[in-house]
Amino acid sequence: MCSQALFLSFMSRPNGPLENIDPKDSCLIPRNIMAEPDYIEDDNPELIRPQKLINPVKSSRNHQDLHRELLMNQKRGLAPQNKPELQKVMEKRRRDQVIKQKEEEAQKKKSDLEIELLKRQQKLEQLELEKQKLQEEQENAPEFVKVKGNLRRTGQEVAQAQES
């Protein structure tokens, strides 16, 4: 009923819809939901004017840089892809497999000289590893074993000196 009254009052008034409104008709009175603040009109310097609070996350430099980067990527069409974890793992496996195949093909194309040099290099590395293991074993051996070894060496040196 209220909407019909509004429509009729709008159509019947030539000067405008809100002139000569009956104060009893509450549906025709425009309502201001929010009250106007008093401090806007007054220029009183004693009043403390409200200020918008600063969001510490948005004001941080990292957040601003990230936001700028995301906007630039979006403009370029490089939006971050939200792929499922399984799909990411499968793509990584495919990339690894392709890399491994390329390495194998490159190794097959190596000359005989390169293969021989690789074998010698591997042998030298194995010998170095064995020497390191022996040194570690000697360093980690108990004290009495070291002393016994020293006595044997000195005994052999004395025997050789007496023979010569």
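This is a predicted model: local features need pLDDT of at least 70, side-chain atom pairs count only at pLDDT 80 or more; totals for chains, interfaces and linings use all residues.
Biologist: To get our bearings, how many helices and strands does the protein chain have?

Modeller: There are 6 helices and 0 strands, and from the N terminus on the elements run α-α-α-α-α-α.

Biologist: How do you know that the length of helix α3 agrees with its number of residues?

Modeller: Helix α3 covers residues 61-76, which is 16 residues, and at 1.5 Å a residue it should span 22 Å. Its end C-alpha atoms are 23 Å apart, so the two values agree. Just after α3, Gly77 takes a positive phi of about 90°.

Biologist: What makes Asp65 and Arg68 a salt bridge?

Modeller: The cut-off is 4 Å between a side-chain nitrogen of Lys or Arg and a carboxyl oxygen of Asp or Glu. The closest N and O atoms of Asp65 and Arg68 are 3.0 Å apart, so the pair meets the definition of a salt bridge. By this rule the count comes to 1 salt bridge.

Biologist: Where do the two partners, Asp65 and Arg68, lie?

Modeller: Both are in helix α3, 3 residues apart, or about one turn of the helix. In an α-helix, residues three or four places apart point the same way, because there are 3.6 residues a turn.

Biologist: Why is Asp65 called partly exposed?

Modeller: Partly exposed covers the range between the buried limit, under 20%, and the exposed limit, over 50%. Asp65 has 31% relative accessibility, so it counts as partly exposed. Arg68, with 44%, is partly exposed too.

Biologist: And what makes Lys146 partly exposed?

Modeller: Its relative accessibility is 33%, which means that Lys146 counts as partly exposed. Lys146 lies in helix α6, residues 143-163. Leaving aside neighbours within four places in sequence, Lys146 is in contact with Gln138, Glu139 and Ala141.

Biologist: What share of the protein chain counts as buried?

Modeller: Of its 164 residues, 2% count as buried. The chain exposes about 16600 Å², with carbon and sulfur atoms supplying 54% of it.

Conventions. Residues are numbered from 1 along each chain as its sequence is written. Side-chain values use heavy atoms; hydrogens and water are left out. Helices (H or I, at least four residues) and strands (E, at least two) are DSSP runs, numbered from the N terminus. The expected span of a helix is 1.5 Å times one less than its number of residues. Buried means under 20% relative accessible area, exposed over 50%, partly exposed in between (1.4 Å probe, protein chains only). Contact means heavy atoms within 4.5 Å. Accessible areas come from the Shrake-Rupley method with a 1.4 Å probe; for residues, only the protein chains shown count as cover.
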